[in-house]
Amino acid sequence: MNKILVLFAHPAFHKSFINKSLINGVHDLKKITIHDLYETYPDFFIDIPAEQKLLLEHDVIVWHHPFYWYSAPAILKEWMDLVLQHGFAYGKTGRKLEGKRVMSAVSTGGRKEVYSKTGANQYTINEFLAPFRRSANLCYMEYLPPFVIHGSHLMTNDLLNKHVADYRQILTMIRDNKITPDELEKIEYMNELILQNA
Amino acid sequence: MHNQDFFLQALIYLGAAVIAVPLAKKLGLGSVLGYLLAGILIGPFVLGWVGNEANEVMHFAEFGVVLMLFIIGLELEPALLWRMRRSIFGLGGLQVMITAIVISLVALGFGFQINRALAIGLILALSSTAIVLQTLSEKGLMRNIAGKSAFSVLLFQDMAVIPILALLPIIVTLGQPAVLSESSLEKIGNVAQMPGWVQLLIIIGAIVAIVVGGRFLARYIFRLIAGTGLHEVFVALALLLVIGIAIAMEKIGLSPALGTFIAGVVLADSEYRHELETTIDPFKGLLLGLFFISVGASINFSLLIDNPVQIVGFVALLIIIKFVILLVLGRVFKLKKGYEFLFAFLLAQSSEFSFVLISFSKQNQLFDEKTSAMLLLIVTLSMAISPLLLIFNDKAVSPILARWQNKLEYDEVEERENHVILAGFGRFGLVVGRVLLANNFKVTILDNNPENVEVLRKYGFKLYYGDVTRPQMLENAGIKNAQLLILSMAEHENALKVAQYVREKYPEVKILARAKDIFHVFEFFKVDVRNAQREMFDSALELSASALEELGFTRYEAYRTIRTFKHHEEQIQEELYKHWLEDHNQFIRESKRFREQVLETLQAEKNYSIHETDCAWDVDSIKKEKQKNTPETHEPDSIEK
């Protein structure tokens with residue numbers, strides 16, 4: 001069983017609808033640690049040793065956040081800048097994170113069609129996530145396909161409940177090593193694993 | 001000029017003041033009593049260092065009262081004065097009238113003729129501006145409702161002196177036909193000889209002259225003199241102004257104090273206000289001190305020793321009559337919760353102006369030698385006792401009232417659900433309260449400083465006067481349903497007591513506390529209050545950040561440095577707490593507290609090196625690695641991708 005660390009970043013959790021449901025939907029899973037960055041570091045003063053220790057204690061890291069400006073809220077970038085230190089996470093002697101897996105879990109307002117070469121955003125989500133993928137790879141970690149929720153502004157309760165259940169199921173599958181490398185090859189989003197099974 | 005004499009006198013008066021006043025203050029008696037005691041000590045009946053010239057000194061020193069009213073005028077905006085009109089004329093007018101009538105009736109009862117009885121009533125109805133205002137400013141009561149009411153009454157009395165001076169000669173002729181000599185009229189001033197309407201015109205003209213001069217002329221002159229850069233000339237000008245007004249007022253039969261007061265009010269919004277105030281203040285202080293000393297020195301103890309029972313009886317009677325009337329009037333004018341007692345005790349003596357009126361009446365053959373000496377003694381003694389009355393109020397009456405009318409003394413607090421109780425609304429609590437109120441939380445604010453409560457209520461804060469160390473007060477404030485109790489009071493020991501009590505009785509109420517120092521934080525930890533903030537720590541850190549910026553740090557670097565320090569301090573705190581729990585007997589002794597604290601903190605600091613610098617965003621290790629690297633490895637060169 002893998003231990004999963006969800007690094008959650010939402011600067012206005014009280015105003016969040018989608019992400020609050022997602023977090024509430026998975027927080028009781030065994031072997032999962034929810035780590036709310038804005039709650040822990042309201043002044044962005046990130047405790048580097050504590051964060052590194054947390055990373056070492058887990059096998060899978062989830063960067064869970066709304067998709068702000070085609071990227072993450074500021075604190076996650078700060079976290080990356082500070083915690084993924086040279087000599088710890090990357091560099092010749094920095095291989096402490098080697099072999100761990102990383103997944104982005106993001107919610108966007110735009111529908112999937114918008115995130116395509118012909119859509120208004122011109123690039124796909126996976127293209128936008130390139131910095132995250134590169135960062136993970138630089139730190140000798142495997143970057144999984146992302147878990148993506150589209151159309152968050154016009155979400156119905158039913159659909160949201162489905163997403164929450166999917167998220168829970170995906171994290172459980174990752175935790176329990178239920179996903180084969182073959183399956184990962186074929187998918188763009190993690191969400192597809194559930195659709196396929198359904 | 002008798003230089004020798006003058007300096008000797010100065011030596012005695014100043015010496016007595018310098019020794020007696022600090023001593024009296026130390027004993028909690030206030031400066032007025034200190035001066036009076038010093039006067040008695042150097043007076044003819046104890047040491048005999050000053051003799052009858054004390055009376056002359058007193059007349060000279062009365063000018064201190066004039067200066068004091070000028071300064072009070074400077075501090076008073078005209079708008080505020082206008083708002084006080086009801087209490088000046090209503091409360092003040094009634095006080096003078098009723099007191100004069102009652103005392104006259106009592107004097108009649110003692111067999112005085114009607115005209116003499118009336119004069120005694122008018123003379124004794126006044127209260128001492130000097131003593132009361134000095135006490136008010138010393139105790140910081142100027143803005144208290146009782147203090148303001150007392151001031152209103154004194155202001156009215158100052159105005160009433162004019163008609164009283166005019167009335168006295170008429171009173172002399174009352175009942176007993178006697179012709180007033182021209183010479184005694186001269187004393188009141190030349191104006192008094194003129195017809196009433198001319199007098200009125202002159203008085204109005206003088207006041208208009210002060211207002212117009214103060215508004216338009218004074219500013220120009222002050223600017224001119226200040227422009228010379230010679231401070232002593234400015235001092236001379238300030239004194240000239242006050243003395244000039246005083247003399248002019250005396251000439252037309254107005255009270256000099258009243259005239260300078262008006263001048264002060266007129267200049268209150270001038271840009272030279274603070275300069276004038278600081279210039280005049282030391283003169284005022286010295287002269288008033290001198291005045292109180294001379295009052296003490298002029299107490300006629302031989303008369304007192306001859307008729308002790310009679311004199312003491314009269315003084316007591318005078319004070320009781322004045323006190324009762326003031327108390328009733330205070331109540332009528334909505335003074336409550338012990339303020340009416342403070343008000344009554346404040347004004348229960350007779351006035352320094354009574355001295356003038358008594359000697360004036362004596363010259364008019366209204367009183368014989370013995371009566372006037374007796375009246376003088378009674379007035380003096382009532383003034384001397386006055387500070388003692390206030391101490392009596394503070395130490396005996398207030399506490400009894402507090403216990404006796406429990407519910408009345410402390411404000412009733414509406415009970416509310418889901419709310420915050422904020423205990424202490426001073427420098428610290430004010431900030432906390434403003435933040436919470438700005439975010440629309442319901443906050444019940446309690447403070448045990450009545451002046452504070454009163455002032456802040458004026459600014460629309462809903463706060464209640466009360467002492468949270470009394471369980472009943474907390475109950476009334478709704479501790480039962482409170483979400484949060486914030487202990488922001490300055491009384492650290494009390495805060496701890498309250499925390500302990502609430503923890504035991506209402507364990508579900510969350511408590512946040514203001515702590516004095518790190519050990520105080522630990523004491524809160526011990527009663528399971530985990531969130532206590534040291535009152536000085538964060539502001540000191542902020543200031544350190546500014547210091548670092550001044551020394552060349554960038555702003556973010558400075559911020560990060562103090563934030564790192566704070567983080568480091570939090571780690572130390574845990575360490576220190578464990579140690580403190582183990583043998584905190586060692587720390588208990590308050591005298592060693594600070595030293596122990598520094599020692600312990602530094603000791604613990606050794607385990608957490610602060611000198612290990614913040615290596616966030618550091619590229620040194622990358623540079624080093626790169627220098628060793630062979631070119632073909634495609635390792636990243638820096639965090640900057």
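Visitor: How many helices and strands are there in chain A?

Guide: In this model, which is predicted, chain A has 9 helices and 6 strands. Of its 198 residues, 35% are buried, and among contacts in chain A between residues at least 6 apart in sequence, 79% join residues that are at least 24 apart.

Visitor: And how many helices and strands are in chain B?

Guide: Chain B has 30 helices and 6 strands, and buried residues make up 37% of its 641 residues. If you take contacts in chain B between residues at least 6 apart in sequence, 71% of them join residues at least 24 apart.

Visitor: Okay, pick a helix. What about H12 in chain B, what should its 21 residues span?

Guide: Helix H12 of chain B runs over residues 231-251, and at 1.5 Å a residue it should span 30 Å, which agrees with its end C-alpha atoms being 30 Å apart.

Visitor: Which residues of H12(B) are buried?

Guide: The buried ones are Ala238(B), Leu241(B), Val242(B), Ile245(B), Ala246(B) and Met249(B). They cover an arc of only 115° around the axis, which puts them on the same side of H12(B).

Visitor: So what is on the other side of H12(B)?

Guide: On that other side Glu232(B), Leu240(B) and Ile247(B) are exposed.

Visitor: And what follows H12(B)?

Guide: Gly253(B) follows H12(B), and the phi of this glycine is positive, near 85°.

Visitor: What does Ile210(B) touch, leaving out residues up to four places away in sequence?

Guide: Ile210(B), which is found in helix H11 (residues 196-227) of chain B, touches Ile245(B), Gly259(B), Ile262(B), Ala263(B) and Val266(B) when those sequence neighbours are not counted. You have already met Ile245(B) as a buried residue of H12(B), while Gly259(B), Ile262(B), Ala263(B) and Val266(B) are buried residues of H13(B).

Visitor: How far apart are Ile210(B) and Ile262(B), in sequence and in space?

Guide: Ile210(B) and Ile262(B) are 52 residues apart in sequence, but from C-alpha to C-alpha they are 7.4 Å apart in space.

Visitor: New topic: which residues touch the most other members in the largest nonpolar core?

Guide: Phe70(B) and Ala150(B) do, out of the 125 residues in that core. Helix H9 of chain B, residues 145-173, gives the most to this core, with 15 residues. Leaving out residues up to four places away in sequence, Ala150(B) touches Val132(B), Leu136(B), Phe343(B), Leu346(B) and Leu347(B). There is also a second, separate core of 50 residues, which includes Val26(A), Ile61(A), Phe128(A) and Phe132(A).

Visitor: How many residues does each chain put into the contact between A and B?

Guide: The contact takes 11 residues from chain A and 10 residues from chain B. On the side of chain A that touches chain B, there are 5 nonpolar, 3 polar and 3 charged residues.

Visitor: What about strands: in which sense do S1 and S4 of chain B pair, parallel or antiparallel?

Guide: Strand S1 (residues 419-423) and strand S4 (residues 482-487) of chain B pair in the parallel sense over 5 bridges, and Ile421(B) stands opposite Leu485(B) in S4(B). S4(B) also pairs in the parallel sense with strand S5 (residues 510-515) of chain B, over 4 bridges, and here Ile486(B) stands opposite Leu512(B) in S5(B).

Visitor: Back to chain A. What is the phi of Lys31(A)?

Guide: The phi of Lys31(A) is near 65°, a positive value in a residue other than glycine. Lys31(A) is found in the loop between helix H1 (18-26) and strand S2 (32-36) of chain A, and with 15 C-beta neighbours inside 10 Å it counts as partly exposed.

Visitor: And where does Trp69(A) lie?

Guide: Trp69(A) lies in the loop between strand S3 (60-66) and helix H4 (74-83) of chain A. Trp69(A) has a positive phi of about 45° although it is not a glycine, and this residue is exposed, with 8 other C-beta atoms within 10 Å.

Definitions and conventions
Residues numbered from 1 in each chain as written. Chains lettered and ligands numbered in written order. Predicted model: local features only at pLDDT ≥ 70, side-chain atom pairs only at ≥ 80, totals over all residues. Helix = DSSP H or I, 4+ residues; strand = E, 2+ residues; numbered from the N terminus. Buried ≥ 20, exposed ≤ 12 C-beta atoms within 10 Å, placed from the backbone. Contact = placed C-beta atoms within 7 Å. Expected span 1.5 Å × (residues − 1). Arc of directions from axis to C-beta. Core = buried A, V, L, I, M, F, W, Y, C linked by C-beta atoms within 7 Å. Nonpolar A, V, L, I, M, F, W, Y, C, P; charged D, E, K, R; others polar. Pairing = 2+ DSSP bridges.
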